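Visitor: I am new to this structure. Please take me through its salt bridges, one by one.

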Amino acid sequence: MAGGIVMALAAMFAASAFGAHRWTQETQRLRGRIEANRSPVEPQRIDFRELDGLPIPVQRYFRRVLKEGGPMVSGVRVRHRGTFDTGTTEARWKPFTSEQCVVTRRPGFDWDGRIGVMPGLSVRVHDTYVAGEGVLHAALLGLFTVADLRGSHEVAEGELMRFFADAVWYPTALLPSQGVRWEAVDAHSARGTLVDGEIVLTMLFRFGQEGLIESVSADARNRSVGDRFVPTPWLGRFRNYALRSDMRIPLEGEVAWLLPEGAKPYWRGRITEIRYEFAEGLPPSRGH
């Protein structure tokens, strides 16, 4: 019996090692594609003159989180830690760690997550947007695929929505010069529209009393239910802003589907490390 246990453990260890190797190769391929589609960021430095004419809460936000003359963000490396709800009808929160790489022009990112489903057993997840394509690939031990969504307009649109909402962590990407159009709603909210290729999407940004983005929402984001997509209202909340590289960003967040019976959060995380790349390698301005 002991011999059988040893053999089972050895087989699991071998599968885990092989899965990790294959997952690393996939990560390199995806990030290589993101880099290959990268384009220069212009302008290279923040110019508040482009804020003229924007809705008042949007102007207030940029002046609150950015510094005039600072460098534009061209790329980001961020690590998260938190919990992910793996349940369908009942909540089953599991711990996760992740590393995400982002390029701001052309919009692209890869979220490489590891969700612990039980001791010694994890699901690896790629949540990716690259060159107008969305990818959602999940595999037990990085080896046995449990979900693989890619190639459709619905997946691509959902991933670009994530890039847009995540821009609170790289806020220069929300400037008009980076392709975002802003429309006033009221004193504490505005609609932002982003276009990439054939995808056009609009999301609602709400600003708190301090002028910072406290939530981003979409009237309909495609939610995977079995083998079909169901357009479902979606909400991301952000909090605990702090200064990083002369930019004010939130360190914690939560995202949820807004179902008829109420909000169903499925991701809660915090930043443990964030590193920026700037246009033409420019250093951040001093100050703040």
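Guide: Start with Glu210, which is exposed, its relative accessible area being 54%. Keep in mind that this is a predicted model. Glu210 has a salt-bridge partner, Arg64, with the closest N and O atoms 4.0 Å apart. Arg64 sits in helix H2 (residues 56–65), while Glu210 belongs to the loop between strand E9 (199–207) and strand E10 (213–225), so the pair ties together parts 146 residues apart in sequence. Arg64 is partly exposed, at 31%.

Now turn to Arg239 and Glu252. Their side chains meet in a salt bridge of 3.5 Å, N to O. Arg239 lies in strand E11 (residues 228–244) and Glu252 in strand E12 (residues 247–259), 13 residues apart. Arg239 is partly exposed, with a relative accessible area of 42%. Glu252 is partly exposed too, at 24%.

Some salt bridges share partners. They join Arg31, Arg79, Glu99, Asp110, Glu273 and Arg275 into one network. Look at Arg31 in that group. It lies in helix H1 (residues 2–36). Its relative accessibility is 15%, so Arg31 counts as buried. A polar contact of 2.9 Å joins its side chain to that of Asp110. Beyond its neighbours within four places in sequence, Arg31 is in contact with Glu99, Gln100, Cys101, Asp110 and Asp112.

The count comes to 21 salt bridges. One of them pairs Arg33 with Glu133, the closest N and O atoms being 3.2 Å apart. Arg33 lies in helix H1 and Glu133 in strand E5 (residues 133–140), so this pair ties together parts 100 residues apart in sequence. Arg33 is partly exposed at 34%. Glu133 counts as partly exposed at 22%.

Conventions. Residues numbered from 1 in each chain as written. Predicted model: local features only at pLDDT ≥ 70, side-chain atom pairs only at ≥ 80, totals over all residues. Heavy atoms only, no water. Helix = DSSP H or I, 4+ residues; strand = E, 2+ residues; numbered from the N terminus. Buried < 20%, exposed > 50% of the residue type's maximum accessible area, 1.4 Å probe, protein only. Polar contact = N/O pair within 3.5 Å; in protein donor to acceptor, adjacent residues only side chain to side chain. Contact = heavy atoms within 4.5 Å.
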